[in-house]
Amino acid sequence: MLIAIATTKPAQAYWAAALAVVGSLAGSLILFFIARKGGEVLLMRHVTSKTGARLHLWFQRWGLATVFVPALSPIPLPMKIPVFCAGALQVRLLYFVIVIIAARTLRYFGLAYLGVHFGLQTFQYLRTHGWQVAAAALGLAAVLTLGLRLFQKHEVHIGKPE
């Protein structure tokens with residue numbers, strides 16, 4: 001839809017991208033807070049399954065990168081499970097918001113840019129350059145994860161709780 005807006009009304013493309021970021025953040029926060037209230041019990045019930053345990057370990061190992069990558073990817077990836085895990089595992093709200101805003105801003109403003117400059121050929125561009133887009137998303141996730149871990153270590157060093 002964002003590409004369609006960017007193609008037909010280029011002057012409104014970035015405004016639409018900004019609204020998409022706000023809408024995505026709002027939706028993610030709703031699920032995040034629902035999971036924070038009682039999601040840990042539900043999460044623990046599913047962790048007993050092989051898939052649930054694997055997802056839980058994946059999130060504990062990679063943290064918010066598991067939220068960043070699907071939030072950034074132009075390929076539709078499920079966001080509900082990582083967002084739910086973030087809420088249920090009591091991830092700090094500020095970290096979560098920063099990750100969602102960063103990923104969605106890059107994704108939606110990038111799509112708006114491509115839509116303005118490539119028009120309807122944007123879909124073809126994304127199909128032919130899928131590996132490069134995925135590699136860029138993983139690289140950004142790695143940088144974000146490293147930065148977040150360094151920031152957390154700094155906070156622990158100065159005496160703030162983790």
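Buried means under 20% relative accessible area, exposed means over 50%, and partly exposed lies in between, with a 1.4 Å probe and protein chains only. By that rule Phe 32 is buried, at a relative accessible area of 0%.

This is a predicted model: local features need pLDDT of at least 70, side-chain atom pairs count only at pLDDT 80 or more, and totals for chains, interfaces and linings use all residues. Residues are numbered from 1 along each chain as its sequence is written, and side-chain values use heavy atoms, with hydrogens and water left out.

A search of the whole structure finds four aromatic pairs. Rings of Phe, Tyr and Trp (its six-membered ring) pair if their centres lie within 6.5 Å; planes under 30 degrees apart count as stacked, over 60 as edge-to-face and the rest as tilted. Two of the pairs, Tyr 14 with Phe 109 and Phe 32 with Phe 96, are tabulated here.

| Pair | Centres | Planes | Class |
|---|---|---|---|
| Tyr 14 and Phe 109 | 6.1 Å apart | at 10° | stacked |
| Phe 32 and Phe 96 | 4.3 Å apart | at 20° | stacked |

Tyr 14 is in helix α2 (residues 13–47) and Phe 109 in helix α6 (residues 93–118), 95 residues apart. Helices are DSSP runs (H or I, at least four residues), numbered from the N terminus. Tyr 14 is partly exposed at 34%. Phe 109 is partly exposed too, at 29%.

Phe 32 lies in helix α2 and Phe 96 in helix α6, so their pair ties together parts 64 residues apart in sequence. Phe 96 is buried, with a relative accessible area of 0%. Phe 32, Phe 33 and Phe 96 form one aromatic cluster.

Conventions: Helices (H or I, at least four residues) and strands (E, at least two) are DSSP runs, numbered from the N terminus.
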